[in-house]
Amino acid sequence: MKHSQRSRNADNKTDRSVQKQCAVCCRPFSWRKKWERCWEEVRYCSRRCRSQRNRVMDEEK
């Protein structure tokens, strides 16, 4: 998600209703409390997808 596309609410915190798409499985996932401080960097919906990221990148080559 690009910086200009981020949704913000009045107190400048990330809007919790925003969804992202997982870079591996392409499924949508929502904001979670544990991602509160790093939501901008979150790219994967689960540990499983994060561990499979290299396989997906190899298939794209």
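Rings of Phe, Tyr and Trp (for Trp, its six-membered ring) are taken as a pair if their centres lie within 6.5 Å, with planes under 30 degrees apart counted as stacked, over 60 as edge-to-face and the rest as tilted. By this criterion the structure holds three aromatic pairs. One of them joins Phe 29 and Trp 39 in an edge-to-face arrangement, with 5.9 Å from centre to centre and 75° between the planes. Phe 29 belongs to strand 2 and Trp 39 to the loop between strand 2 and helix 1, so this pair ties together parts that are ten residues apart in sequence. Helices (H or I, at least four residues) and strands (E, at least two) are DSSP runs, numbered from the N terminus. Ring pairs also bring Trp 35 into the picture, linking Phe 29, Trp 35 and Trp 39 into a cluster.

The model is a predicted one, in which local features need pLDDT of at least 70 and side-chain atom pairs count only at pLDDT 80 or more, while totals for chains, interfaces and linings use all residues. Residues are numbered from 1 along each chain as its sequence is written, and side-chain values use heavy atoms, with hydrogens and water left out. The predictor's confidence in each residue, pLDDT, runs from 0 to 100. Its average over the protein is 79, and 66% of the residues score at least 70.

Turning to the overall layout, the protein has two helices and two strands, which run β-β-α-α from the N terminus on. Of its 61 residues, 21% count as buried; here buried means under 20% relative accessible area, exposed over 50% and partly exposed in between, with a 1.4 Å probe and protein chains only. Contact means heavy atoms within 4.5 Å. Among the contacts with a separation of 6 or more, residues 24 or more positions apart account for 17%.

In soluble globular proteins, nonpolar side chains tend to be buried together. A nonpolar core is defined as a set of buried Ala, Val, Leu, Ile, Met, Phe, Trp, Tyr and Cys residues joined through side-chain atoms within 4.5 Å. The largest such core has eleven residues in all: Val 18, Cys 22, Val 24, Phe 29, Trp 31, Trp 35, Trp 39, Val 42, Tyr 44, Cys 45 and Cys 49. Phe 29 and Trp 39, the edge-to-face partners described above, are both buried. Leaving out residues up to four places away in sequence, Trp 35 touches Phe 29, Ser 30, Val 42, Tyr 44 and Cys 45.

A search of the whole structure finds zero disulfides, a disulfide being a pair of cysteine sulfur atoms within 2.5 Å. For Cys 22, which is in no disulfide, the nearest cysteine sulfur is that of Cys 25, 3.6 Å away. Cys 45 is likewise in no disulfide, and its nearest cysteine sulfur, again that of Cys 25, is 3.7 Å away. Cys 22 counts as buried because its relative accessibility is 2%, and Cys 45 counts as buried at 16%.

Cys 45 lies in the loop between strand 2 and helix 1 (47-51). Apart from neighbours within four places in sequence, Cys 45 is in contact with Cys 22, Cys 25, Phe 29, Arg 32 and Trp 35. The C-alpha atoms of Cys 45 and Cys 26 are 9.1 Å apart in space, and the two residues are 19 residues apart in sequence. Cys 26 is placed in the loop between strand 1 (19-21) and strand 2. With 48% relative accessibility, Cys 26 counts as partly exposed. Its phi is near 65°, a positive value in a residue other than glycine.

Charged residues complete the description. Side chains of opposite charge can pair when their charged atoms come close. The structure holds one salt bridge, defined as a side-chain nitrogen of Lys or Arg within 4 Å of a carboxyl oxygen of Asp or Glu. The partners are Lys 33 and Glu 36, whose closest N and O atoms are 3.0 Å apart. Lys 33 is exposed, with a relative accessible area of 57%, whereas Glu 36 is partly exposed at 36%. In helix 2, Arg 53 is found, partly exposed at 33% relative accessibility. Not counting residues up to four places away in sequence, Arg 53 touches Val 24 and Tyr 44.
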